[in-house]
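Me: Could you go through this structure with me? I'd like to start with the strands and then move on to the packing.

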Amino acid sequence: MGEIWIPEAVRLGDGEIGGPMDSPDAEARTVWHTTETGNGATAFRVVAEGLIEDSNEPHILYCPVTDALGQFGPLNESARALRNSGSLRTNRTGEVCIQVEILARAGTPFTGYWRPGPNFRALLRAIRSWGVPDVWPAGRLARAGNDDVSRSTSTWTSAGGHYGHCQIPGNDHWDPGAIDTVALLAAGSGQPPTPGPLSVSLSRLIAAAKADPPKSGTPVSYAGTKTVEAALVAEGLLAASLADGHFGTATVSAFAKWQRRYSERRHLGWTSADCDGIPGKTSLTALGAAHNFTVTA
């Protein structure tokens with residue numbers, strides 16, 4: 001028998017989320033989801049509370065930028081994150097069906113910006129303790145909401161391994177997006193050092209916001225723009241297709257929305273002139289605190 005409770009994970013809820021598996025003799029499997037939210041400490045708490053309130057708990061909640069790991073229920077019982085497919089109770093398929101919600105959005109694959117650390121390695125250790133093979137039986141993951149990928153019932157019921165939510169019969173979601181499946185599983189190998197936080201330069205971002213050409217394909221004036229854009233995408237303020245490394249019109253508009261959101265949260269009373277989309281130290285530092293980057297001069 002594999003790990004039932006991951007020692008490194010914080011307990012979320014009362015630990016009662018499901019029941020026995022319907023096909024305990026079938027191979028073990030893992031399903032990867034995204035929460036379609038931002039990430040960071042506040043999101044971790046708010047999303048966990050929402051999943052409990054709605055009775056949609058997975059087994060695991062993970063933040064790709066802080067390495068926070070939480071567990072709602074025992075891995076050897078079912079979770080509640082999947083819809084049934086007719087009479088097939090997809091949550092109860094396999095010896096275990098470990099469901100992992102990542103604080104991320106399908107439109108911005110989290111393996112492009114995540115910072116996996118010891119808690120993620122602990123998660124993969126627990127998954128592998130149940131004999132979940134490092135394979136993706138249903139093939140490639142969805143790249144967009146209208147992408148037609150396999151949701152084969154026969155594959156799901158017969159083959160253990162890793163699946164995306166987009167590949168489960170009876171479910172119409174397209175998460176977790178086009179994540180790097182090789183990098184995902186490789187992150188649990190060995191004991192590589194956990195990288196330090198990213199940093200961005202306030203002065204260089206301001207210069208980019210005031211002068212960066214908006215046309216895609218032109219040279220990017222400051223690479224740190226992509227770090228800020230990834231955070232704005234995670235906040236739902238910038239379309240992933242517009243996160244091109246340019247602090248152009250769309251990014252300025254998105255950052256202005258962030259400034260207004262932050263002002264409202266903190267009751268700062270900032271005016272429209274204060275929320276002009278040009279990064280300031282206070283608003284940029286707050287965004288960095290939520291998305292794991294620091295701010296330099």
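Me: How is strand β2 joined to strand β5?

Reply: In this predicted model, strand β2 (residues 29-34) and strand β5 (residues 97-102) run parallel and are joined by 6 bridges; strands here are DSSP runs of E of at least two residues, and helices are runs of H or I of at least four, numbered from the N terminus. In β5, Cys97 is the bridge partner of Arg29.

Me: And what is the order of the open sheet?

Reply: The order is β1-β4-β3-β5-β2-β6, an open sheet of 6 strands with mixed pairing, where two strands pair if DSSP finds at least two bridges between them. Because β1 (10-11) and β6 (161-164) each have a single partner strand, one side of each is left without a neighbour in the sheet.

Me: Which strands does helix α1 touch?

Reply: Helix α1 (residues 41-53) packs on the sheet and touches β1, β3 (60-62) and β4 (69-71), contact being heavy atoms within 4.5 Å. Its direction makes about 155 degrees with that of β3, with axes fitted to C-alpha atoms, for helices over the stretch in contact, and angles running from 0 to 180 degrees between N-to-C directions. Helix α2 (residues 118-129) also packs on the sheet, touching β2, β3, β4, β5 and β6, and its direction makes about 145 degrees with that of β2.

Me: Which residues of α2 are buried?

Reply: Asn119, Phe120, Arg121, Ala122, Leu123, Leu124, Ala126 and Ile127 are buried, that is, under 20% relative accessible area, against over 50% for exposed and in between for partly exposed (1.4 Å probe, protein chains only). The cover over the buried residues of α2 includes α4 as well as β2, β3, β4, β5 and β6. After α2 comes Gly131, with a positive phi near 80 degrees.

Me: Switching topic, how many residues has the largest nonpolar core?

Reply: It has 46 residues, and Ile6, Trp32, Leu61, Phe110, Phe120, Leu123 and Leu184 have the most contacts inside it; such a core is a set of buried Ala, Val, Leu, Ile, Met, Phe, Trp, Tyr and Cys residues joined through side-chain atoms within 4.5 Å. The largest share of this core, 6 residues, comes from α2. Apart from it lies another core of 22 residues, among them Ala208, Val233, Phe255 and Phe293.

Definitions and conventions
Residues numbered from 1 in each chain as written. Predicted model: local features only at pLDDT ≥ 70, side-chain atom pairs only at ≥ 80, totals over all residues. Heavy atoms only, no water.
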